[in-house]
Amino acid sequence: MRIFSGIQPTGRKHLGNYIGAIRQYVDGQQRAALGGGLAIFCIVDLHAITVAYDPAELRQRTYDTAALLIAAGLDPASCILFRQSDVPEQTELCWLLASVTAHGDLNRMHQFKEKSETQRELVSAGLFFYPVLQAADVLAYRCDEVPVGEDQRQHIELMRDIAERFNARFGDGRELLISPEHRIPEVGARIMDLQDPESKMSTTAASEEGTIYVLDEPELIKRKLNRAVTDSDDPPRIACDPDKRGVTNLLEILAACKAISPDEAAAELADARGYGDLKSAVSDAVIEMLAPVRERYELIRADEQALEESLLRGAEQAREIAAATLADVRSAMGVGPVG
Ligand code: AMP
Ligand code: TRP
């Protein structure tokens, strides 16, 4: 079993990233170790430059993200953790795969549509091409499993199509590229903004109040959750219901923290007096889950040189795998000298 995922070094990572993705990375690393597989995680700086950004900040955010992943439990000695731009094989593969990617499919990507609307100065061609690079990220490593949140479902489907189209066109009966499966968690795959439970929690949200960051202090987490939007049902009703987005989101967060189902989380609160009890149960669970990560982070982030060395070592290991795939792809496509 081989697992791959990518995460952008943009902004501060939030509770949605943690529950939807980062936690599954750590689980994937463990499962890979037990099953003799390999877990590979990439900080995708080349994806981050497809929207407006600050170059000096990008480098800092890359270290922030690496430190956070390590603090959350990724161990560079038992997985491969690296920075995308250190492996040029991925970018070359992106271009080669572009020849089996349908323009019409890229046009249909939700994330492209959403992100293009928020760009004031320029909608870059890079933003349009983003999913092809993402496909190259995964296909370069011939992975079978990709842990991601719900918002990445369409991108994973696209990379499956790209792999299949590539094999059909150039594989000569062989499965040169592997079509990966997504691994989207059952609970917490789409954590919503606390102030606006109709929108997903995100770094670019309108208000800081609706977003819990992994590194937020416990007091701040408590305050944000206390102010979370619920509803005006009288008497208050703690239950999962599409008409109760705020309450459902809180139950989903509680369930994800405690590894139970949202309905079970609601059942545990059967004696609650109101939404205040729900909010404090969620606060306690979130604080307990994130505290160890925040405590480890400071120490790891302080040593930039160690982080840099660790990323470079990861890239060396990654390049070895990606170069072998790229050689097969070039050869099948008739690109370059006879191999
Ligand atoms: P990004 O920071 O955009 O690179 O996202 C990193 C990972 O977090 C991806 O796998 C996303 O699917 C996941 N993710 C982002 N936002 C959320 C959210 N609100 N709920 C659950 N997962 C999320
Ligand atoms: N597009 C992903 C996101 O926004 C990040 C990403 C880049 C990724 N390459 C990947 C995720 C490969 C999974 C596999 O979250």
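Reply: G73 comes directly after α3 and has a positive phi, near 130 degrees. The model is predicted, so local features need pLDDT of at least 70 and side-chain atom pairs count only at pLDDT 80 or more, while totals for chains, interfaces and linings use all residues. Residues are numbered from 1 along each chain as its sequence is written, chains are lettered from A and ligands numbered from 1 in the order in which they are written, and side-chain values use heavy atoms, with hydrogens and water left out.

Helix α3 itself covers residues 55-72; helices (H or I, at least four residues) and strands (E, at least two) are DSSP runs, numbered from the N terminus. Its 18 residues reach 26 Å from the first C-alpha to the last, close to the expected 26 Å, where the expected span is 1.5 Å times one less than the number of residues. Buried residues of α3 include L58, and also T62, Y63, D64 and T65; buried means under 20% relative accessible area, exposed over 50%, and partly exposed in between (1.4 Å probe, protein chains only). A66, A67, L68, L69, I70, A71 and A72 are buried as well.

Positive phi values also occur outside glycine. D172, in the loop between α8 (153-170) and β5 (181-183), has phi near 55 degrees and is exposed, with a relative accessible area of 71%. A259, in the loop between α10 and α11 (262-268), has a positive phi of about 55 degrees and is exposed, its relative accessible area being 71%.

A further backbone feature is the cis peptide bond joining D234 and P235, with omega about 0 degrees. P235 is placed in the loop between α9 (218-226) and α10 (245-258).
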